[in-house]
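Hello,

Here is the structure I promised to pass on to you. Please open it beside this message, and then read on for what turned up in it.

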Amino acid sequence: MTTTAAALTATAALLLTACGGGDDSSGGIKGADTGSSTPSASASKAAADAPDLSLPGDLHLVFDFDKPSDAQHAAAVDTATNYIRALKHGIVKQNPDDPAYQYYSVGGAAKYAKTQIQAWVDGGWTPTGTDKYYKAETAKVGSTGVLVTFCRNQAKSFSKKIKTQKIHYTKESLDSYQKFSILMRPAADSGHAWKAQQIEVQGRVKECQ
C-alpha cells in the first residue's frame, strides 16, 4: 500500500522561502527565523535527550546520502533522517501522539507526521520491508534555515495488517517514487539542535527513478 503523499505545506510557500521571498501566508515558516540557539551549542544536550527510534527487525530504512561538507547542512540532513525514523516509529507504535516525531518536528512537519500515523492506525496497518531514501540535496533558506530534499523508493516497502500479519505486496511502478522537501531550522529552545518545520511530499516523481 502506497503511503499517502499529502502535502500539508504549499509548494509555492517552500519555493518562495527557499528563494528568499517575502510575504508567507502558509504559517510556521515566517516567524521561525527568530531562534537564537545554534547547533553546536545544543548538540550534546539534544543527543542526551533524544527519544527512542528503534524499529522492528522486519523494517529497514536505508538512507543512501553523501554527507554535506557544510556542518550546518550536515546537521540538518541528520535530523531530517531522524524525523523520518520518528515518523516510522510512531506508525509501528500505532501512536499518533508519539513523542519521537514531536521531538524532531514542529508546525506543518509535526502535523504531517501525526496525519500519516493516524492513517496507518485507522487502517490497522504497519510497515515492513525496505524503505530507501537517496539523492539528498541541501539549500540555504534565509539566515538559519536549510531545505533538505531527497528521493524515496518504496517499491520494497509494504504494509502488513496488524491483526492477521498478512502482507500486502505491490509491484514497482512510478507510484513507488516520491520526492521529499523538508524545511529544517535550528530550534528556538536550547535542548534541540534542529527541527523539521515544514514538509512537502511529491508523488510519482520520474526524476527519482
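**Around alanine 109**

Leaving aside residues up to four places away in sequence, alanine 109 touches Tyr83, Ala196, Gln197, Gln198 and Ile199. Please keep in mind that this is a predicted model. Alanine 109 belongs to helix H5, which covers residues 107–123. With a relative accessible area of 0%, alanine 109 is buried.

**The cores**

Which residues have the most contacts inside the largest nonpolar core? They are Tyr83, Ile84, Val148, Phe150, Ile182, Met184 and Ile199, and the core as a whole has 36 residues. At least two residues each come from E1, helix H3 (71–93), helix H4 (99–104), H5, E2, E3, E6 and E7. H3 gives the most, with eight residues. In soluble globular proteins, nonpolar side chains tend to be buried together.

Not counting residues up to four places away in sequence, isoleucine 84 touches Phe63, Tyr133, Phe150, Phe180 and Ile182. There is also a second, separate core of five residues, among them Tyr134, Tyr177, Val205 and Cys208.

**Strands E6 and E7**

E6 and E7 pair in the antiparallel sense, over nine bridges. To see one of these pairings, find serine 181, whose bridge partner in E7 is glutamate 200. E7 is mostly covered, with eight of its ten residues buried.

**Aromatic rings**

The count comes to eight aromatic pairs. In one of them, the rings of phenylalanine 63 and tyrosine 133 have their centres 5.1 Å apart and their planes at 15°, so this pair is stacked. Phenylalanine 63 lies in strand E1 (residues 59–64) and tyrosine 133 in strand E2 (residues 125–141), so the pair ties together parts that are 70 residues apart in sequence. Phenylalanine 63 and tyrosine 133 are both buried.

Another pair, phenylalanine 158 with tyrosine 169, is edge-to-face, at 4.9 Å centre to centre and 65° between the planes. Phenylalanine 158 is in strand E4 (residues 157–161), while tyrosine 169 is in the loop between strand E5 (167–168) and strand E6 (177–186), eleven residues apart. Are these two buried or exposed? Phenylalanine 158 counts as buried, at 14% relative accessibility, whereas tyrosine 169 counts as exposed, at 57%.

One aromatic cluster is formed by Phe63, Phe65, Tyr133, Phe150 and Phe180. As for tyrosine 134, the charged end of lysine 132 sits over its ring, 5.9 Å from the centre.

**The disulfide**

How many disulfides are there? The count comes to one, and this disulfide joins cysteine 151 to cysteine 208, with an S to S distance of 2.0 Å. The pair links distant parts of the chain: cysteine 151 is in strand E3 (residues 145–153) and cysteine 208 in the segment after strand E7 (194–203), 57 residues apart. The torsion about the S-S bond of cysteine 151 and cysteine 208 is about -70°, so the disulfide is left-handed. Cysteine 151 and cysteine 208 are both buried.

Enjoy exploring the model, and do write back with any questions.

Best wishes

Methods: Residues numbered from 1 in each chain as written. Predicted model: local features only at pLDDT ≥ 70, side-chain atom pairs only at ≥ 80, totals over all residues. Heavy atoms only, no water. Disulfide = S-S within 2.5 Å. Helix = DSSP H or I, 4+ residues; strand = E, 2+ residues; numbered from the N terminus. Buried < 20%, exposed > 50% of the residue type's maximum accessible area, 1.4 Å probe, protein only. Phe/Tyr/Trp six-rings, centres within 6.5 Å; stacked < 30°, edge-to-face > 60°. Lys NZ or Arg CZ within 6 Å of the ring centre and 35° of its normal. Contact = heavy atoms within 4.5 Å. Pairing = 2+ DSSP bridges. Core = buried A, V, L, I, M, F, W, Y, C linked by side-chain atoms within 4.5 Å.
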